[in-house]
Amino acid sequence: MAAAARADLGVGRCLDGERAYKARMLDRFDPKLDPQFAAVDRATLLARLGAVLPAGSLIASAEGMRPYETDGLAAYKSLPAAVALPADAGEAAAVLKVCAELGAPVVARGAGTGLSGGALPFPGGVLLGLGKLNRILAIDPDARTARVQPGVRNLAVSEAARPYGLFYAPDPSSQLACSIGGNVAENAGGVHCLKYGLTVHNILGLEALTIEGEPLTIGSEALDAPGFDLMALITGSEGLLAVITEITLRLLPLPADVRALLAAFPAVDKAGQAVAEIIAAGVTPAGLEMMDQLALRAAETYAHAGYPTDAAAILICETDGAQADALADLERVAEICRAAGAGLVRIAADEAERQRFWLGRKSAFPAMGRLEADYYCIDGTIPRRRLAEVLVRIAALSAEHGLAVANVFHAGDGNLHPLILYDASRPGELERAETLGGAILELCVAVGGTITGEHGVGREKINQMCAQFSAAEVETFAAIKAAFDPAGLLNPGKAIPTLARCAEFGAMHVHQGQVAFPDLPRF
Ligand SMILES: Cc1cc2nc3c(=O)[nH]c(=O)nc-3n(C[C@H](O)[C@H](O)[C@H](O)COP(=O)(O)OP(=O)(O)OC[C@H]3O[C@@H](n4cnc5c(N)ncnc54)[C@H](O)[C@@H]3O)c2cc1C
């Protein structure tokens, strides 16, 4: 990811807790501690890769590999043995074959915007950058599909489809930079996913490579296909099962009308209540986002979006469709917000005002830099009806751990993004931020939610997987992984914990005979 794009996304400063972290990460992530990978000879690996890639497509110097040492979770850093940059699926297959033969770990990388350390290189392994596979191969306006290579940027698809009156619905906030391959590997979501579904609901076909470099064709443009649904399995598999080399995307007609409103609430739980009631009323907004006071004030100072800074929380709701429908839905939402206690409900008078509402929301992450040196973005999902209660509990956890938390998130999906503010240069603060993050994720599980909504598990949440899943479930994941990748070479140490790790972590987090949040009903 280019430095300029990283700065736009506010990634540079956030999470930059490297200093304190590095020593501990090396401890946890050292191939020397894993005898399985200790035997790969670097000189042989480089010679074999050099023989299958053109000059300039293999990087082996420490300086050259530095841009690949981390992803959006910049607290985690490590250098691979080599960075391979294939120009097409054939070269990618050749790299995989070499790695499979030598037993070298391989980590696929798209744009490196991931927030859970999924693209963090494995020391001694190969970082397989897919950035050169960046062509939109075809747009078929009649079938409403786009065939793209994995390195194509998310936003580039909608830009290319617009002249045909079409768009690609999943829109992560990182869409300016993140790649479609990374979106598929993370099953990315975004503002529009409440109405239009996640990545998995918007793809029809995949071409992928096994660790041996063998091609797999998954899905088709037909409505159904025989055999196991490998599409759902590969989507969200975080680079652990196969390397995606081509994607057929579903495109949708651009809606005739798009409307938005901003509602300001005197209390966070009232905003949470309004979200549950909007969905219960049968309205499906194209986007329904919430920001609490800390987040909205920072965004307002940064982007001048016109947010009421005295509100405890705001909702931004967008509706789309035929002209009469979009407006009728928005008026219904306005009524519900007023009834739930909104002090102010402002319907965007024109497109410029609608864009301003979103500008503030989209600037919220970078705006955090005004509040604190670093932030740690948590990603968990909860049932919508528990929203109000969970936000109140997060505030209590924030006070308990002595770190401020700003909330800005996809409220309609129940997908929380608490942003824990900390300063890595203050001794112990990164660790406290991590502990608080873990407690928030466990709270999500305790109320019937999950430890990730869209950012994946990666390195970051591997321990919380033990809190989310039983031993039998973790073993099932491991068995599926082994069916695709028996030697465990694709993205090792990510997403699926070993049972030994869960045992070490404390499995269900039973501390002194007590599970976390014992007062909550369990699921
Ligand atoms: C400011 C900001 C806002 C964000 N907002 C959102 C949001 O709203 N919604 C959301 O879902 N995410 C969001 N993200 C997270 C991130 O952008 C997404 O997870 C995105 O899908 C990652 O794409 P990438 O190309 O950067 O993948 P990378 O970070 O390069 O990789 C992510 C994972 O995918 C694997 N991978 C990448 N390419 C391939 C491939 N071709 N084959 C197999 N595996 C592969 C990697 O091994 C890794 O495990 C945000 C990130 C930032 C920095």
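Mentor: We go from the whole chain to the ligand site and then to single residues. This is a predicted model, in which local features need pLDDT of at least 70, side-chain atom pairs count only at pLDDT 80 or more, and totals for chains, interfaces and linings use all residues. Residues are numbered from 1 along each chain as its sequence is written, and side-chain values use heavy atoms, with hydrogens and water left out.

Trainee: How many helices and strands are there in the chain?

Mentor: Helices (H or I, at least four residues) and strands (E, at least two) are DSSP runs, numbered from the N terminus. The chain has 19 helices and 20 strands.

Trainee: What share of the residues of the chain count as buried?

Mentor: Buried means under 20% relative accessible area, exposed means over 50%, and partly exposed lies in between, with a 1.4 Å probe and protein chains only. Of the 523 residues, 56% count as buried. For area, the Shrake-Rupley method is used with a 1.4 Å probe, and for residues only the protein chains shown count as cover. The chain exposes about 20,500 Å², of which carbon and sulfur atoms supply 55%.

Trainee: What percentage of contacts in the chain join residues at least 24 apart?

Mentor: A contact means heavy atoms within 4.5 Å. Among contacts between residues at least 6 apart in sequence, 74% join residues at least 24 apart.

Trainee: Which residues come nearest to the ligand?

Mentor: A residue is near a molecule or strand if one of its heavy atoms lies within 4 Å of it. There are 35 residues around the ligand, and Ala-108, Gly-110, Thr-113, Ser-174 and Ser-179 come nearest.

Trainee: Which polar atoms lie by an oxygen atom of the ligand?

Mentor: A polar contact is a pair of N or O atoms within 3.5 Å; within protein, one must be able to donate a hydrogen and the other to accept it, and residues adjacent in sequence count only if both atoms are side-chain atoms. A polar side-chain atom of Thr-113 lies 2.6 Å from a ligand oxygen, and one of Ser-174 lies 2.5 Å from a ligand oxygen. Ile-244 uses its backbone: an N or O atom there lies 2.9 Å from a nitrogen atom of the ligand. Taken alone the ligand exposes 990 Å², and the protein buries 98% of that.

Trainee: Which elements give two or more residues to the shell around the ligand?

Mentor: They are β3 (106-109), α7 (180-186) and β10 (243-250). Helix α7 gives the most, with 5 residues. For classes, Ala, Val, Leu, Ile, Met, Phe, Trp, Tyr, Cys and Pro count as nonpolar, Asp, Glu, Lys and Arg as charged, and the others, Gly among them, as polar. The shell has 15 nonpolar, 16 polar and 4 charged residues.

Trainee: Which residues of α6 are buried?

Mentor: As a general idea, an α-helix has 3.6 residues a turn, so residues three or four places apart point the same way. In α6 the buried residues are Asn-154, Ala-156, Val-157, Ser-158 and Ala-161. Their cover includes β5 (136-140), β6 (145-148), β7 (166-167), α7 and β10.

Trainee: Is Asn-154 buried or exposed?

Mentor: Asn-154 is buried, because its relative accessible area is 1%. It is found in helix α6, which spans residues 154-161. Beyond four places in sequence, Asn-154 touches residues including Tyr-168, Pro-170, Asp-171 and Asn-183.

Trainee: Where does Asn-202 lie, and what does its side chain reach?

Mentor: Asn-202 lies in the loop between α8 (193-196) and β8 (203-209). It counts as buried because its relative accessibility is 1%. Its side chain reaches the backbone oxygen of Gly-197 at 3.4 Å, and a polar atom of that side chain lies 2.9 Å from the backbone oxygen of Leu-198.

Trainee: Which residue has a positive phi although it is not a glycine?

Mentor: Asn-187 is one of them, with phi of about 50 degrees, in the loop between α7 and α8. Ala-495 also has a positive phi, near 65 degrees, and sits in the loop between α18 (471-484) and α19 (499-505).

Trainee: How many disulfides does a search of the whole structure find?

Mentor: A disulfide is a pair of cysteine sulfur atoms within 2.5 Å, and the search finds 0. The sulfur of Cys-317 has its closest cysteine sulfur in Cys-337, at 7.0 Å, so the two are too far apart for a bond.
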